[in-house]
Structure formats: structure tokens, C-alpha cells
Amino acid sequence: MKSLGSIRRDFAPWNDPNAKPYIQFDKVTKKFGDFTAVNNLSLTIFEREFFALLGASGCGKSTLLRMLAGFEEPTAGRILLDGQDLRGIPPYKRPVNMMFQSYALFPHMTVEKNIAFGLKQEGMPGSDIEKRVAEMLKLVKLEQFAKRKPHQLSGGQRQRVALARSVAKRPKVLLLDEPLGALDKKLREETQFELMDLQQELGLTFVVVTHDQEEAMTMADRIAIMDKGEVMQVATPAEIYEAPTSRFVAHFVGNVNMFEGKVAEHTANATRITGATGAEIVVDNGGKAAAGSDIVFAIRPEKIKVSSKKPADAVNALEGEVYDVAYLGDMTVYHIKLDDGQIVRASALNASRVTEDPLTWNDRAWVSFRPDAGVVLTR
Amino acid sequence: MTDIAATAAPSTETATLPARLAKGFVNRLVIIIPYLWLLFFFLIPFIIVFKISLSQTAISMPPYTPVLDFSDGISGFLAGFRELNFDNYTWLTQDALYFNAYVTSLIIAAISTMLTLIVGYPIAYGMARAPATIRPTLLMLVILPFWTSFLIRVYAWIGILKPEGLLNQLLMSLHIISQPLVILNTYTAIFIGIVYSYLPFMVLPLYSSLEKMDYSLVEAAEDLGCPPIGAFWKITFPLSLPGVVAGCLLVFIPAVGEFVIPDLLGGSQTLMIGKTLWNEFFSNRDWPVSSAVAVILLLVLTIPIMFFQQAQAKAQEQGR
């Protein structure tokens, strides 16, 4: 069976028309004075989903999270959690907890007291609090740091205390605002997997805000790409990467080559595109753009093959000249200047130590790709 | 082998020694400046006052007998030690007036400090939570009263508080009261005066500790189920304690020795140590006794504060 990209886990309630949405943003708008942070946005998140809001800073993703937590009220629209309208419910009465970007650990309390804080507010009996705190400390592997104050911990440890504190109350939804932003690269990668394991173990719904696409791709079941207060696309990481629906999304996630052109004709199961400079491209992945309309053909660098001769069986092949070669060890990135002047980026995995068809600066070269390697974008 | 080590070690040391000495000197110089300040403007004046407190009144200029003077040479100076007497200090214990004045002053200062804290905290909190653009203006408004004379501002309160003053006129014209309130020349007037005069000293340290507090801590507390009032007492207030302590000390210490406010607003029957000291000095022209009063006042204030600060430092050390 074919699948788009790789499957992360067998969990896809968004494909089930009967699945009940857990969190619903219903035409939500948030304005700060003249500035519209979130613009008429609708979004559905399912129970036990690991959902990521991905976007550049200022795109409204944090505002969305803060509205869910109750720190901001929407200017218009509703937010529903498990069927309940959250309007007017103050943060301290919402069954959601947030892990802050700055961690917001109480500096005058020990690790233990920080974790117990939310449980005390709930009025949980002392012995139960102790038990839960011990459990949480074990979960984040900080047992021996229980009596320390936050300033005596490393950045990674503080991050884990913040995490333990926010999940201690077993919230319905855990909100994470750039949870790994303050960690260094190596620790961030480790922690990504820890967070995923934790989410599985506790069976919670996670909504994470991030500007790091790799982080979102690694952890999330689905990603919402946001721009200027609007959702551009909501899809699984594989769909976002392999089947972006707009130029913005294609550009925002990963590297991409774009060819401007027009739809020349539709055949039974393929679309023929005439590029702006006359080159022809055949696409057969079900693009529905009307004949004659202006479109963009987008293709990822690793889907493009570079060779010194035109491959005999290639449907799509364009000729050019090697402009730049970057050898990165695991792969080689070629910049090919096509004869019409456009520069195409192609990457080849160095699967063997010896290159059969070595190419270097100024060599004539062909770039070729399969008809299903790219997508047609109409917006 | 040992020879090599022995000869190698000093050579590296001598190379860095002058540089280290120079660096050490610069570091020390920086520390020396505040100590010199304290020496010239605190310790030496204090020694002079202490010396006067050990002498006797005399009809002369200045109006006390010389004590520990170098005019008789070193032997005379040493002989002076044997003649030292603490009569002025024993005198302070014999007259209940002084004890009462000390105690009243401490109580008045403590109550006014509490009142200043209660009035000042909301002001500082409001300032710290105000939009960042208007904070400098608010700060300016707090400091603005300092631009007029302290004496004139306290005088102005007489005009407000006296029986036919502005406050009574206002309240009577609003028919809230039918008889003028007697506020001037009571302890109430002293409290009003101290709270008014020392409010900036309370607001500024509170503001600085509240302003640098990360507001997301309060949000985190609310997020964890704590209502805003609870979050204030559990998070905001404990974290502003250094500001509270600094503000209270800045108000309490000068308030204990306050003279102008009790004299102008408190009338003749109020008893405060600052006024007692003034009377000793200017009315009785008894410099030695007033010096003794001042020395005792200093001890009464510094010794508890020293212990307090030591305890606080220790608590902080344990907290770490």
C-alpha cells in the first residue's frame, strides 16, 4: 500500500467523520487595538492529539494558545472545550494547564512546592499531594532535586520541572508555549522524544506552539501552519510537506523549487503545464486547476534527479548547467541553472561512497523528476 | 626533578605578581571610596557627638567642657580617660521623659510605617503594572514633591488640617460633619504628615521590586487554579518582600527621629524623641545630654536592624 510520507502512529480521528472534536475554535477573532492577531479562525483539535501551531513570530499562534488558557478573551467567535463554551471562564477555572515559554517557575519555592502548587489549589489532601508529586518527579527524573530551588537547576532541569508542574493536575489539555525554545540543540532533540512519550503515557491532548518546523514535524500528529492570524493549512506533517496547498506553506516548510506556468491541458489522468519560458511539465497527482489558469508547480529538491545525460525514461527533464555543488556528507546539494535562467535546487542522498555520475561546476546537466513528484499550487 | 619544579614555580609567579598587585589595588580602590565616605561623613561626626556626650555643660563657647582634648598633650589625653564619666547617660535613665519619648517615637514610627506600606503598595503595584510608556511619568509624579521644600509641604498641611482649614471646610460644606474635626495637634496629624512625607521612600523600592517581577509567574499561578487574590499573596507579595523591607526601613528610621512633623503638626503635648532632642539642644543648651540622646537613638535603631539584616542574610543563605 502506498502512503504519503511516513506514518507516525495509527491515530487519525480527523479522517473519521463521526469523531467528536475536543477543542473547537469557531470563527475566532482577536484584536489588540487596531492590530488583528487572530482573524476569523476556525480549527478543530481531537482528544489525545498532539497538535502543533507552527508559524513565524507575530503570526498569532501564541495568542491562540493564550485564549485557550483564558489569559485573553476572543474579540469575536467561540472556543469550545469538550462541548463547553469557554467564554467568561477565568484561567483558574479552566481544565487546561500551560507550560510557559519562560517556564515561570516560582523562584521562592522548591521544585517540590512548585509541582504541588496546582494540587494545593485543588484542595487535594496532603498525603495524595505527596504521592502525586513523587510520581511527577519520577516521571521527569528529578527525584533527587525535590528540595532545590529553580535557580539551582540547569535549563533542561527547569524545563522538566515546568513540565511536571503543568501535568501534575492531569489537565484535559496541556498547552505548551515554545516548550523547547530555551534548550540547546542536542537537548532539544532528546526532549522532543521525551515529550512524545509523555503524551502517550498520560493520554493527554497536547497543543504546542512553536516556530521550529523540525520540532513540529517530529512531535505533532497534525500541524496548523499560521500566517498573519490565519490558518494556512492543517494537516499531518507528511501532508504538509508532500502536499502543501499554497505557496506559503510550501515555502515555509522545508526547501522547494517553484515553476511559474499555465495549465496547458488536462488529459485522462495528467495535467500538462507550460512553464513561463516554454518548458513543459507533466503532473499526474490529480491537480484540479482549470485549463489556462496561472499556477505554480512546486517540487522538493530531493525529488529531483540530476544526471549528465537525459534519462531515457524521464517524463519530465530539463537541461541546464551545474551552478553550485555543496557536499554535506550525507547528501550533496546541486544548484542547476536551467537554460531559461531559473536555478533549481536538487539534493541527492549519498547512498554509496562512490559517485557514479560525478558532476561539477559548469558541467551540462539534466534535472528530471517523476510526474507525481511535485504539486500544482493555485494560490 | 624536584629542582626543576622548585625553580620553575617562582619564575611564573614573579611574572604575574606586579600585574596582580595592580589589579588588586584597583579593586581595593573601588571598595575604599564608600568606606572613606562613611569615615568622613558618618564615623568622625559620630565620634565628635560621642565625645560631647561624655562632657559637662559649661557657660562657654561651645557650651561644654572639653573632654579627651589634645591641648594637654598625650599624657593629658590619657589622664582624660580616667576622668571619663557617663553621667549624661545615667541621667537619661533617671528621667522617665526620655524613656517615654523613645518608646512613643518607636510606636509612632512603627504605626506610620505600616500605614505608609498600606498606602504605598497599591500605588507601586499600579505603577509597575501600568503600560511601560507612562511609567516614567508616574515615577516623575512620585518624585515631584521633593522639588519643593519639605518644610513648606508640612506647613501646608497645617492649612489643610486646622479646625477652619480646607479639609474641615470641605467636609462641612458637603454636610458630612457639623462640627469641625480636631486633627491638628494630635497624633493623627503626625501620622498623616509622616505618611505623606515618606510615601516616595516606600513607593520607590516597592516599585523597583514589583516592576522587575515576571508577570508570567502570576499567570502561571492562575493557570494552576489560583484565583487572583490568592496569587497576589502567594506569588506577588513574597517576591516583593525585599522591596517591602527596604521601604519600611527607609520610612521607619527617619520617622523615629522625626522632628519637623511632630513639632509643626503634633502640637506641644505630643512627645517624640526628635523634639526632645531639639529642646535639649536649643532651649536648654545642654549639648552633652542631647548628644547622649542622639547616641542612644542611634544604638536603638542600628542594633536591631543589624540583627535583622544578619538574620535575613542567613535565611537567604539557607534558601539557596
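**Chain A–chain B contact**

I began with the contact between the chains of this predicted model. I found 18 residues of chain A and 16 residues of chain B taking part. On the chain B side, I noted helix H9 (216-223) and helix H10 (228-256), each giving at least two residues. H9(B) supplies the largest share of that side, six residues. I then sorted the chain B side by class. It has eight nonpolar, five charged and three polar residues.

**Domains of chain A**

Next I looked up the domain bounds. Domain 1 of chain A is made of 13-95 + 171-248, and domain 2 of chain A covers 255-377. I took their centres over C-alpha atoms and got a separation of 34 Å. In the contact between them, domain 1 of chain A puts in four residues and domain 2 of chain A five. By class, the domain 1 side has two nonpolar residues, one polar and one charged.

**Helix H5 of chain A**

I moved on to H5(A), residues 185-202. The helix has 18 residues. From first C-alpha to last I get 26 Å, close to the expected 26 Å at 1.5 Å a residue.

Which residues of H5(A) are buried? I listed A:Thr191, A:Gln192, A:Leu195 and A:Gln199. Looking down the axis of H5(A), I see the buried residues within an arc of 120 degrees, so they line one face of the helix. On the other side, A:Lys186, A:Glu190, A:Phe193, A:Asp197 and A:Glu201 are exposed.

I then checked what covers the buried residues of H5(A). The cover includes strands E3 (50-54) and E8 (205-210) of chain A, along with helices H4 (155-167) and H6 (213-219) of chain A. Just after H5(A), I noted A:Gly203 with a positive phi of about 65 degrees.

**Positive phi in chain B**

I also looked at two residues other than glycine with positive phi. B:His175 has a value of about 60 degrees. I placed B:His175 in the loop between helix H7 (166-173) and helix H8 (187-211) of chain B. Is B:His175 buried or exposed? I count 7 other C-beta atoms within 10 Å, so B:His175 is exposed.

B:Arg285 is the other entry, with phi near 50 degrees. I found B:Arg285 in the loop between helix H12 (273-283) and helix H13 (287-319) of chain B. B:Arg285 has 13 C-beta neighbours inside 10 Å, so I logged B:Arg285 as partly exposed.

Definitions and conventions
Residues numbered from 1 in each chain as written. Chains lettered and ligands numbered in written order. Predicted model: local features only at pLDDT ≥ 70, side-chain atom pairs only at ≥ 80, totals over all residues. Helix = DSSP H or I, 4+ residues; strand = E, 2+ residues; numbered from the N terminus. Expected span 1.5 Å × (residues − 1). Buried ≥ 20, exposed ≤ 12 C-beta atoms within 10 Å, placed from the backbone. Arc of directions from axis to C-beta. Contact = placed C-beta atoms within 7 Å. Nonpolar A, V, L, I, M, F, W, Y, C, P; charged D, E, K, R; others polar. Domains from an automatic or database assignment.
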